[in-house]
Amino acid sequence: MVAKLNAAIKEEVRLLRARNILPGLAIVRVGEREGDIAYQRGATKRCSSLGVEVKSLVLPTTVTQEEVLHVVDSLNEDASIHGVLLLRPLPKHIDDEVIRNRLLPAKDVDGITDASIAAVFTGSINVGFPPCTPQACVKILDHYGVDLKGKRVVVVGRSLVVGRPVAMMLLGKNATVTVCHSGTKNMSALCREADVLVVAIGKARMIDQDYFSPGQMVIDVGINEDENGVLCGDVNFTDAEKIVDAVTPVPGGVGSVTTTLLAEHVTQAAKCIGGRGA
Ligand code: NAP
């Protein structure tokens, strides 16, 4: 699936470059969270390999809200940047809502502005871009021919970045969706009842054999480092493999599709916005 999408993006980029438009992505990271660093590394590698230019901006966790707004404003004005990826959650002293809504809708390639998020909830397809990671989860299920109609889906995690939008997208596919969070009781029993389990909690290998049952499809969104510095998901892959029908690996699963979709969104944004010499 990724190879086919990558080939199509490469061709789009070739056509844009022939018009002297160099698709450009800016990645803004605040702090040194390992999941963010891994995501940034993956996105940079994927975009660069497809011909999308990447500019990375790393800010300290002591950065002020005004300083982050200034960075967003300058990227909004920068004609060489067609899309902005803002890694979140931001530190608590920064108002996430203010920052993400400062981004120009045309450059919102990861669907973080209220208008783009609202479109996910209303099911509108003509507003902005969908957030890449939830879209990647749905694409993977589509690719494997999972008909979600009437299926019981459990999403573990309710962040605006992954849990809530993926739940809405799967609801839009007529699945029956339950969303779990840190206050959920009997979570393992709920998870065992699912046909499809989507996990996005940021807890290294927490979802183990207690949460699985035979026949399930498990989508692991987590990107963590374990106590030995090894990159891993939220799912205990070894346990899952023994019980479920299919489980996405980390690295190489959701993250890999996400970065490809990000490159695709930047390319589409470049086509709309144009660029230097366009
Ligand atoms: P987040 O904003 O920290 O949200 C985590 C969610 O998980 C929250 O809703 C939280 O519940 C819930 N949670 C935490 N511990 C839990 C527990 N023990 N039981 C049940 N629910 C629990 O994280 P995020 O941004 O959604 O990211 C989640 C993971 O996905 C991270 O590992 C991140 O690195 C990864 N990620 C991967 C990609 C990719 O492309 N592959 C993209 C983005 C993020 P409460 O709401 O009750 O606190």
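Me: Is strand 4 (residues 152-156) mostly covered or mostly uncovered, and how many of its residues are buried?
Reply: Happy to start here, bearing in mind that this is a predicted model. A residue counts as buried when its relative accessible area is under 20%. Strand 4 has 5 residues and is mostly covered, with the number buried being 4.

Me: Which residue of strand 5 is the bridge partner of Val-156?
Reply: Strand 4 and strand 5 (residues 176-180) run parallel, joined by 5 bridges. Within this pairing, the strand 5 partner of Val-156 is Cys-180.

Me: Which residue of strand 6 is the bridge partner of Val-153?
Reply: Strand 4 also pairs with strand 6 (residues 196-199), in parallel and through 4 bridges. There, the bridge partner of Val-153 is Val-196.

Me: At roughly what angle do the axes of helix 6 and helix 10 cross?
Reply: Helix 6 covers residues 132-143 and helix 10 covers residues 254-273. Their axes come within 8 Å, and the crossing is right-handed. The angle is roughly 115 degrees.

Me: How many nonpolar residues are in the contact of helix 6 with helix 10?
Reply: From helix 6, the contact includes Cys-132, Ala-136 and Ile-140, while helix 10 brings residues including Val-254, Leu-261 and His-265. By class, 4 residues of this contact are polar and 1 is charged, and the nonpolar count is 8.

Methods
Residues are numbered from 1 along each chain as its sequence is written. This is a predicted model: local features need pLDDT of at least 70, side-chain atom pairs count only at pLDDT 80 or more; totals for chains, interfaces and linings use all residues. Side-chain values use heavy atoms; hydrogens and water are left out. Axes are lines fitted to C-alpha atoms, for helices over the stretch in contact, and angles run from 0 to 180 degrees between N-to-C directions. Helices (H or I, at least four residues) and strands (E, at least two) are DSSP runs, numbered from the N terminus. A crossing is left-handed if the near helix is turned anticlockwise from the far one by less than a right angle, and right-handed if clockwise. Contact means heavy atoms within 4.5 Å. Ala, Val, Leu, Ile, Met, Phe, Trp, Tyr, Cys and Pro count as nonpolar, Asp, Glu, Lys and Arg as charged, and the others, Gly among them, as polar. Buried means under 20% relative accessible area, exposed over 50%, partly exposed in between (1.4 Å probe, protein chains only). Two strands pair if DSSP finds at least two bridges between them.
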